[in-house]
Amino acid sequence: CGKSHAKPEDIESNIIGGSDAAPGEFPWQIVLSLHSSQLDFCGGTIINERWVLTASHCVMQSKNISDYRIRLGVHNRTTHESSEYDFNVDKVIQYDDLIIPNDIAIMKLNESLDFKGKHKHLSPICLPNTSTKVTDDCIATEGNRPEILQKVNEPIIDSSVCQKDYSFFNATVEVCAGGSHSGGKGICDADSGGPLQCKDSTGKWYQLGVVSMGPMRCGSADNPDIRLVP
């Protein structure tokens with residue numbers, strides 16, 4: 001888990017306001033949409049052969065699970081790539097009826113993924129345990145409006161910053177991240193459900209949170225984003 005498929009020379013290391021991800025850089029990224037509209041409205045991540053992780057409010061678009069479509073391996077939204085696969089949903093489990101602070105859900109794919117065969121372009125992201133050690137310099141990915149999958153630096157910051165800006169912030173289950181002093185970068189509408197991902201010393205990516213919400217004005221200066229701990 002947590003291994004990028006992109007070539008090192010294709011990955012951009014300096015991000016200002018968000019940039020294009022390289023093909024295969026985040027092979028666990030998923031895109032959630034409805035069959036009826038074909039409109040991508042949320043993100044998420046592959047966590048194993050059968051399940052994806054997203055935000056609970058993303059699965060409230062419809063009460064009928066057959067309405068949902070999960071797109072895997074999407075890099076360029078304007079074309080259907082060889083690494084791209086569409087799946088239906090067999091089951092949805094929401095963490096809790098309360099959206100805040102339990103904005104987490106998992107969705108079961110209608111068939112299993114074969115990471116060593118048919119779906120070799122895809123990989124699950126790693127989920128941390130109590131002994132996992134990662135850097136604080138993390139990345140968020142999604143961006144349902146640009147043609148290419150986007151990535152942006154979202155460093156973990158002290159929870160007191162989020163407690164100041166959001167009265168409901170709960171440091172036991174939520175992560176405070178982002179909040180650029182100059183503004184101009186961060187999460188926005190339709191990025192919900194996507195991952196806050198951080199590397200360990202071996203280069204593996206671990207998901208530390210799920211995009212839940214951010215400031216009223218996307219990318220506003222000194223306003224952090226909130227990620228729910230999976």
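These questions and answers walk through strands, salt bridges and cores in a predicted model.

Residues are numbered from 1 along each chain as its sequence is written, and side-chain values use heavy atoms, with hydrogens and water left out. Local features need pLDDT of at least 70, side-chain atom pairs count only at pLDDT 80 or more, and totals for chains, interfaces and linings use all residues.

Visitor: Which residue is the bridge partner of Ile139 in E12?
Guide: E9 is also joined to strand E12 (residues 195-199), by two bridges, and these strands run antiparallel. In E12, the partner of Ile139 is Gln197.

Visitor: Are the residues of E9 buried or exposed?
Guide: Buried means under 20% relative accessible area, exposed over 50%, and partly exposed in between, with a 1.4 Å probe and protein chains only. Ile139 and Thr141 point one way, while Ala140 and Glu142 point the other way. Every one of these four is buried.

Visitor: How many salt bridges does the structure hold?
Guide: A salt bridge is a side-chain nitrogen of Lys or Arg within 4 Å of a carboxyl oxygen of Asp or Glu. Lys151 and Glu25 form one, at 2.9 Å from N to O. The structure holds four.

Visitor: How many residues apart in sequence are the parts tied together by Lys151 and Glu25?
Guide: The side chains of Lys151 and Glu25 meet in a salt bridge. Both residues are buried. Lys151 lies in strand E10 and Glu25 in the loop between strand E1 (19-20) and strand E2 (29-34), so the parts they tie together are apart in sequence by 126 residues.

Visitor: Which residue forms a salt bridge with Arg71?
Guide: Arg71 lies in strand E5 (residues 68-72), and its partner is in the loop between E5 and strand E6 (85-87). Both partners are buried. The closest N and O atoms are 3.0 Å apart, and the partner is Glu84.

Visitor: Is Asp90 buried or partly exposed?
Guide: Asp90 forms a salt bridge with Arg50, with the closest N and O atoms 3.0 Å apart. Arg50 has 22% relative accessibility, so Arg50 counts as partly exposed. Asp90 has 40%, so Asp90 is also partly exposed.

Visitor: Which residue in E4 stands opposite Ile46?
Guide: E3 and E4 form a hairpin with four residues between them. Two bridges join these antiparallel strands. Opposite Ile46 stands Val52.

Visitor: Which residue in E8 stands opposite Thr54?
Guide: Both faces of E4 are covered, with Trp51 and Leu53 buried on one side and Val52 and Thr54 on the other. Four bridges join E4 to strand E8 (residues 105-109), and the two run antiparallel. Opposite Thr54 stands Ala105.

Visitor: How many residues has the largest nonpolar core?
Guide: A nonpolar core is a set of buried Ala, Val, Leu, Ile, Met, Phe, Trp, Tyr and Cys residues joined through side-chain atoms within 4.5 Å. Residues with the most contacts inside the largest one include Leu32, Tyr68 and Met107. E2, E3, E4, E5, E6, E8 and strand E13 (205-213) each supply at least two of its residues.

How values were computed. Pairing = 2+ DSSP bridges.
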